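Dear colleague,

I am handing over the structure to you with this message, and below it you will find my notes on what turned up in it. Please keep the structure open beside the text as you read.

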Amino acid sequence: MISAAVLGILCFLLYRQAGTGRAGMPKPKQQETPADRLLAYMGYAQDRNYQAMYDMLDIEASGNIGKEDFIKRNSAIYEGIDMHNMQVRNIRYDAENEIVSYETTFDTTAGEICFENEAYFNKVDDTYRLAWTDSLIFPQLRKNDKVRVAVLEAERGEILDRNGRVLAGWGTAASVGIVPGKMQDKKASIQRIAKLLEMEQEAVENKLDAGWVKEDSFVPVRTVPGVKEIDLLSVEPDEEMMREKERQEKLLQIPGVMITETKIREYPYKEAAAHLVGYVQNVTAEDLEEHAAEGYTANSMIGRNGMEGLFEKDLKGNNGCRIYLTDADGKETAELARKDVQHGKDIRLTIDAKLQVKLYEQFLEDKSCTAAIDPGTGEVLALVSTPSYDNNDFIMGMSQKQWNLLNEDENKPLYNRFRQAWCPGSTWKPVIAAIGLDTGTLDPLEDFGQEGLSWQKDASWGAYHVTTLHEYAPVIMENALIWSDNIYFAKAALKIGSERLEEAFLKLGFTKQVPFEITMAKAQFSNTEHIENEIQLADSGYGQGQVLINPLHLACIYSAFYNDGTIVMPRLLASQGQEPKAWITDAFSKEAASQVLEGLVQVVNHPDGTGYALHRDDLVLAGKTGTAEIKASKEDTSGTELGWMAVFTADQKAKRSILLVSMTEDVKGRGGSGYVVQKVKKVLDQWL
């Protein structure tokens, strides 16, 4: 089997060589057969060289078709169906009738098309010329028939939580559009429409000036929320919906404006899950270029971030396509090819939407982030960042004013805090305790002695001191966790030493990506490759210095205290029967994990524990508070504070297991970590 394009090239080379033979003697001209001419013609069709195709015709036998009409007809069909990879085979020549029978196969947007056909040739001036008809393109095609291409749009899959609640799905909205031919006083109308829709006047004009627009076209201008009469009749109708109803009534008073119902991507949990779920937008020219041959069209949507972007390939599905013929009346006469549509897959997450909402509602006025997991399975139950934004606004189309407000907001609602790394403060102390136990540098019952509320190793530290908030006795590991003693853990870090501490940090996944579907910021223990001095080493012992860690990473490390020393692998995709996987086996010894767990239980259950506000009579919780100072320098007294709470169900037999790590910015003067503890308490009281 030889492609028509290759045969066409061979024929061309034969023409070039036909003039002379060896030694400059004239070479006899070879007579081309109709089969040769057919292959050349089909080669030109494959190359979309319509001029060369036309030059091969017997014009009179082809109905005196003009060159412009010929090129327009052939190019519209071949390019409209994206004909490529043409193959011509089983060529048979009937010399008596000068008919060439053949079989053609080529690929299209709707798959392969294969048919048998016949071509008629007349000898004109010693050259075989093609008697062209429409049926040469397709045997069934007649002069007035049309070749239609219909795209069968794939429906985007939904994003669901662990219980099947829809995080991203489908809803309806109102599409505000204009019928140009029905407009009166076009300039004034456009000004009024633009003002009501909070758009630039030029943007409305550009939509009306699009090449496809005709006088009777419906030109979509902007999608706005749908107005449901049943909601307006409620006892306390939503004020925003009432304003939307009033706006749409004013729009409909403008001649030429129409409002129709349209299907849109919808995010029911709005701000509560926006950073997690993300949003979709219409593809741009850049998208089409970047994702060429991936099935996107000018009408496609594409996931921009969050789950919508992460699982784009699974969610989008693959469009189907039909190529068919219609007669002059528009009636379908034949289907030439079909590629069935493949709808997008639904993505079910391990997320619990109710927990996600509860956390958002508690922290919505804060700059905060929370990661919640099941400590036994690694299933991620919630990922929350506040403040947030309504991802539905990206579907409706934001006004410039809305976009500016989001971007210029000093609290950065578009900033995804749960993906970042933060200074962990005292939540890091249990990790130091476990490292100290496993390296044999710490005796949990050794009394470090009372140093007051301020301490330095020696005079070489200059004016720098480690400070703490409480005095207690004896100064042993469990008590140091209960009273959250900075001095104890600074001393512990010095005992462990920088080399062993760096080695332990690397074992816990520092400087590496958390093995998780969402890319999280990497944890670090220094701004350089190593802990550079004793002060930095001491500060690292109580989660200061240059230690930074992502809240999900920290939650995973805390799972080791639940799992006898093994850190669980976090996962976001829900699947029945999937066994939990270990990320880091034996991150701590079973003995060290157990001993630290006892201390964490006391932090929540001892009356003097910093986490005692979370104490419950029905369930044993364990955890650690933390306050991290964020200062420009050691001398800075005006810095802010991060408040932390890490808490989990200590009993593996608990009906609902949870491990939750919350961080809130700017808690200085608001109760420090105690501010976060109270927020977390309200969430746990509802969820447990």
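Two strands are said to pair if DSSP finds at least two bridges between them. Please bear in mind throughout that this is a predicted model. With that in hand, you can look at Val151, which stands opposite Cys321 in strand E12. Strand E5 and strand E12 (residues 320-326) pair in the antiparallel sense, and seven bridges join the two.

These strands belong to an open sheet of three, in the order E5-E12-E13, with antiparallel pairing. Strand E5 (146-152) and strand E13 (332-339) each have a single partner strand and stand at the edges, so one side of each is left without a neighbour in the sheet. From one strand to the next, the twist averages 20 degrees.

Because Glu335 lies in strand E13 and Arg322 in strand E12, the pair ties together parts that are 13 residues apart in sequence. Glu335 is partly exposed, at 39% relative accessibility, whereas Arg322 is buried, with a relative accessible area of 14%.

A second salt bridge is formed by Asp685 and Arg616, at 3.0 Å from N to O. Asp685 lies in helix H23 and Arg616 in the loop between helix H22 (590-605) and strand E21, so this pair ties together parts that are 69 residues apart in sequence. Here Asp685 counts as partly exposed, at 40% relative accessibility, while Arg616, at 16%, is buried. In the whole structure, a search finds 31 salt bridges.

The largest has a volume of about 1700 Å³, and of the 46 residues that line it, the closest to its centre are Lys207, Thr223, Gln281, Asn282 and Ile395. Strand E8 gives the largest share of this lining, five residues, and the lining as a whole divides into 20 nonpolar, 15 polar and 11 charged residues. The second largest pocket holds about 1300 Å³ of space, and 47 residues line it, with Tyr542, Gln544, Thr627, Glu629 and Lys631 nearest its centre. Its lining has 14 nonpolar, 25 polar and eight charged residues, and strand E21 supplies the largest share, five residues.

With best wishes

Definitions and conventions. Residues are numbered from 1 along each chain as its sequence is written. This is a predicted model: local features need pLDDT of at least 70, side-chain atom pairs count only at pLDDT 80 or more; totals for chains, interfaces and linings use all residues. Side-chain values use heavy atoms; hydrogens and water are left out. On a 1 Å grid over the protein atoms alone, a cavity is a set of points where a 1.4 Å probe fits but cannot get out, and a pocket is an open set with protein on both sides within 12 Å along at least five of seven lines; lining residues have an atom within 4 Å of a point. Grid points are joined across faces, edges and corners, and a volume is the space filled by probe spheres set on the points. Helices (H or I, at least four residues) and strands (E, at least two) are DSSP runs, numbered from the N terminus. Ala, Val, Leu, Ile, Met, Phe, Trp, Tyr, Cys and Pro count as nonpolar, Asp, Glu, Lys and Arg as charged, and the others, Gly among them, as polar. Axes are lines fitted to C-alpha atoms, for helices over the stretch in contact, and angles run from 0 to 180 degrees between N-to-C directions. A salt bridge is a side-chain nitrogen of Lys or Arg within 4 Å of a carboxyl oxygen of Asp or Glu. Buried means under 20% relative accessible area, exposed over 50%, partly exposed in between (1.4 Å probe, protein chains only).
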